[in-house]
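Please study the sequence and the structure before reading the solutions.

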Amino acid sequence: MGEVVQQKQLTSEKADRFTESVIREMTRQAMLYGAVNLAQGFPDFAAPEEVKRAAQQAIAADINQYAITWGAKKLREAIAREMRRWQGLAVDPETDITVCCGSTEAMISAMLAVTNPGDEVVIFEPFYENYGPDAILSGARSRFVKLHPPSDGDGEWVFDERELRAAFNRNTKAIILNTPNNPTGKVFTRAELEFIRDLCVEWNVLALTDEIYEHILYDGTKHISIAALDGMRDRTVTINGMSKTYSVTGWRVGWAVAAPAITSAIRKVHDFLTVGAAAPLQEAGAVALSLPESYYQKLAADYRERREILLAGLRAAGFRCFVPRGAYYIMTDISAFLPMFSPAAPAAGTDDVRFTQYLVKEVGVAVVPGSSFYNDPRDGAQQVRFAFCKQLPTLQEAARRLQRLRPS
Ligand SMILES: Cc1ncc(COP(=O)(O)O)c(C=O)c1O
């Protein structure tokens, strides 16, 4: 009897099916080895003064207790105003918005609210690593569809329409979109989104769209929310947050916007997962979302400068770079370096991980191995991702260190 009880598995099958986040592990390693951290996507510069001040004032004004579980009224109203200004979307702050602990919680709450065990979720890959565990935790089955890299680094990552169509079937419940995209920097075009829209309508499928980099755009690209396309308003959950736009990744304020029936389901899940996001920081969120248009223009211009510095440094060190059109990451092809790391098996699945280990320990730069963005690790074995949400001296120091890689 006692023996049978001893054999009981004390961790869940779900938890056993995924690993710790590789991205966050790389941050721990960066600290351990004193490396420049270009792994995790958090800024190393200050948040806007008026946003910080608003948070301080909210604490001074004793906004210390639970906010309404689905979000402080002022913040929901500011989100609705901003979505109308930016994408022309009509959103009711009373029925359509759930404020969560970051967009991370918004995505898992949405997944738990809309999927049943056995439902399929279409995910473009390479993908932001949270989506895999999100699908596992919610009992959904992932169907991966490739974003194919451009043959010329300055081209665009694209999906094959036939491959995407083939991923939809009667069990498909949702497609996860991320535009601007992490890790590729792809910004989905209107034509691509319309193609996805047509499939969603044909198969009665929801779009869960992570638009957290919506204001970080380059080269004249435009951000389009799929919810704004005809036929998508009621079948889209738009996920966003303060982390990237206002450089406050540690504040953990995000939101999910959807039609009332879907919102009620998300609100229930969210309430029992976390009750709510930090109340004083939600007040500051309302101030952040009221910043003038010029704030967003400067944000994009500053990131463009950082992109140029890192691109130049990486190219000088011998990396082949995929130029991002949005977000703040550069995916690179490392095949030129691989012979010196694993001459016997240049295509082995662990090459990117071995290269990343070398970079963090010997060169002093932390990055993310490409395999962590793919379902089959071999697909990312020739790629690593650099983040450039850093001060110019940080990027310059990383570029200086990377020159050591240059074949002499
Ligand atoms: C695509 C994407 N979504 C979500 C997040 C996390 O956002 P949040 O801080 O709002 O949870 C990140 C962070 O890197 C991201 O890259």
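Helices (H or I, at least four residues) and strands (E, at least two) are DSSP runs, numbered from the N terminus. The model is predicted: local features need pLDDT of at least 70, side-chain atom pairs count only at pLDDT 80 or more, and totals for chains, interfaces and linings use all residues. Residues are numbered from 1 along each chain as its sequence is written, and side-chain values use heavy atoms, with hydrogens and water left out.

**Exercise 1.** Determine which element gives the most to the lining of the largest cavity.

*Solution.* 
Step 1. On a 1 Å grid over the protein atoms alone, a cavity is a set of points where a 1.4 Å probe fits but cannot get out; lining residues have an atom within 4 Å of a point.
Step 2. The largest cavity holds about 150 Å³ of space, a volume being the space filled by probe spheres set on the points, with grid points joined across faces, edges and corners.
Step 3. Its lining has 16 residues, and those closest to its centre are Glu 82, Met 83, Glu 214, Asn 240 and Trp 255.
Step 4. Helix H5 (73-87) and strand E7 (236-241) each give two or more residues; H5 gives the most, with 5 residues.

Terms used. 1 Å grid on protein atoms, 1.4 Å probe; cavity = no way out; pocket = protein on both sides within 12 Å on 5 of 7 lines; lining within 4 Å.
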